[in-house]
Amino acid sequence: MSNVVRTRCALALGFALAVSLPSSALADRVLLNVSYDPTRELYRDVNAAFQESWKAKTGESVTIRMSHGGSGKQARSVIDGLAADVVTLALEADIDAIAKASGKIPAGWRSRLPKNSSPYVSTIVFLVRKGNPKGIHDWGDLVKDGIEVITPNPKTSGGARWNYLAAWAWAEGAFGGDGQKVRQYVAELFRHVPILDTGARGSTTTFAQRGLGDVLLAWENEAFLALAEFGEDRFEIVVPSVSVRAEPPVALVDGNVDANGTRDLAEAYLAFLYSPEAQKLVAHHYYRPTDPAAADPDDLKRFPDVKLVPIDDPLFGGWAKAQPMHFGDGGTFDQLYRPAN
Amino acid sequence: MTSALGLPLRRPSVLPGFGLALGFTLVYLGLVVLVPLAALVLKTAGLGWAGFWALATDPRTLSALRLSFGTALAAAAINLVFGLLVAWVLVRYDFPGRRLVDAMIDLPFALPTAVAGIALASLYAPNGPIGALAAMAGLRIAFTPLGIVVALTFVSLPFVVRTIQPVLEEIDRELEEAAATLGAGRLATLRRVILPTLVPAMLTGFALALARAVGEYGSVIFIAGNIPYVSEIAPLLIVIRLEEFHYQAATALACDMLAVSFALLLAINLVQAWSRGRFGHV
């Protein structure tokens, strides 16, 4: 849509609203947060808290709209012109893609906010059937005879990429960095995967409702949600010896906020995510807060202690390197399935 | 209007407006069909011939295409047989609840494909009612290529039934009676009187069902298993390429599918023209 048309539409819409709504609503500015799938519950609470705090500070009431979907798909929508003010996605690589393809986010976005622009982190754990009948305790157990593993497809799911990297990190340690053995392990692991769903929720359904597989590789917050949803008497969480420190990043979309006139609002919104109030909500929704001091100790107690390998570890060398190496066209994941293997 | 050879391009009609109607048709088809397809080809052209060829003949692409077209052909063939049967029963017999059954045929049209996929997956999964029975027989349906055929059969059924039904209704029963009085047995009547009349409609139904099945994504991903080289359909591979932000590879695969589909549909059209020539116009 050209700018002229957009302006005209906005004018027409504004006129219609002015006629139909009381004058106070006219002042409402709208902020669009484009996020990934499992954050629905988290942002519902965070948005309400932010609206209240913003109103108390400035007297202005604002509307916050959310868009949820697979992380990569959401990034493509923003590239194709969805006017997101802020993006809160599952993978750094997805925000990098927006920065590169649309130029609406500067290349150095990750250092603009504290903690690598990640107000909350999470990790990957195992969900097994109650009583752990197959005795699954660590990554090595996943490739035993007769074990079926459920994970989404790393090509279409952000969470699945973290699953893949977590397995890789464990194998690097277990085989003393022997690249050949690491690849063999990961290939063997995916031979134990009977179904590759396209998203994390799809895999949870396959495992919990279809009753397929012995172990589900899942986001920690998804695993907790599954326990709450399907009952603690049916499943339990197993924490492996090593996992990844998954950092879902957030960023301001400069190109859009300037056009929407929402820069101050969007900046305050992102800063709010690091506030004690938001950090408390983060922990409550099973994400690990980056400022644990602000969280409810009871919420924190739920998170098991586990060695978390960050993406910036030399093992992976950051997303800019890990993304093409593992998940690009012809990367290590594609190689696993080559018939020669 | 006459062409350069002086041949009339149109026969005089009682209704005016040929020019306007033709102009509208061309513009409409151009906007709705040709422009998006041209954009597709244009995007692919950015790859260059060598790049396109490498992507188009990639073993994973080929296995996805083989799976997509193989399962679609199987589903269309199943529907050709059983859709004909359903249409026959609905047209030739009157039974209580006939209208209800008739209306049910259209459900796969109306149901969102994701809903169909999830419903089929729960039925045919090893812990589902049908899947459990199949498992006892040592057969796995959901999350194998067989599951894909099941989903495609479901979504493409109405196309066959709905194209055969009206033609069947038009067939004059006296023809069958005449055949009987001339000494034709039941099988001969079916083979030499009824089927030839139905062949064009059956081919059209087959082609429509095939076209629908090849492009189906929503219902299949829930029941397919999506394992590369085994149960990964071509439309899923397109989505995967998009997730890699590899737009050109996605369009290259789409062009592949388009070319194969076009070739198949053209072949079906030719067979149809041939059968019209042989069995007469219906």
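**Notebook: chains A and B**

I started with the UniProt record for chain B. The unreviewed entry puts the feature "transmembrane region" at residues 20–42, 67–91, 103–125, 137–161, 193–214, 220–240 and 252–274 of chain B. I kept in mind that this is a predicted model.

Next I looked up two of those spans in the model. Residues 193–214 of chain B came out as 100% helix and 0% strand, with the end C-alpha atoms 32 Å apart.

Over to chain A. How do the axes of helix α5 (residues 92–102) and helix α15 (residues 319–327) of chain A cross? They come within 10 Å and cross at roughly 100°. Angles of 65 to 115 degrees count as roughly perpendicular, so I wrote down α5(A) and α15(A) as roughly perpendicular to each other. On the α5(A) side I found A:E92, A:A93 and A:D96, which meet A:W319, A:A320 and A:Q323 of α15(A). I sorted the residues of this contact into three nonpolar, one polar and two charged.

Last stop was helix α13 of chain A, residues 276–284. Which of its residues are buried? I listed A:A278, A:Q279, A:L281, A:V282 and A:A283. Then I checked what covers them: the cover includes α3 (40–58), β4 (120–121), α12 (263–272), β12 (288–289) and α14 (297–301), which belong to chain A. One more thing I jotted down is that A:Y286 follows α13(A) and has a positive phi, near 70°.

Notes
Residues are numbered from 1 along each chain as its sequence is written. Chains are lettered from A and ligands numbered from 1 in the order in which they are written. This is a predicted model: local features need pLDDT of at least 70, side-chain atom pairs count only at pLDDT 80 or more; totals for chains, interfaces and linings use all residues. A residue is buried if 20 or more other C-beta atoms lie within 10 Å of its own, exposed if 12 or fewer, and partly exposed in between; C-beta atoms are placed from the backbone. Helices (H or I, at least four residues) and strands (E, at least two) are DSSP runs, numbered from the N terminus. Two residues are in contact if their C-beta atoms, placed from the backbone, lie within 7 Å. Axes are lines fitted to C-alpha atoms, for helices over the stretch in contact, and angles run from 0 to 180 degrees between N-to-C directions. Angles under 35 degrees count as roughly parallel, over 145 as roughly antiparallel, 65 to 115 as roughly perpendicular and the rest as oblique. Ala, Val, Leu, Ile, Met, Phe, Trp, Tyr, Cys and Pro count as nonpolar, Asp, Glu, Lys and Arg as charged, and the others, Gly among them, as polar. UniProt positions are given in the numbering used here, feature names are shortened, and annotations may be inferred rather than shown by experiment.
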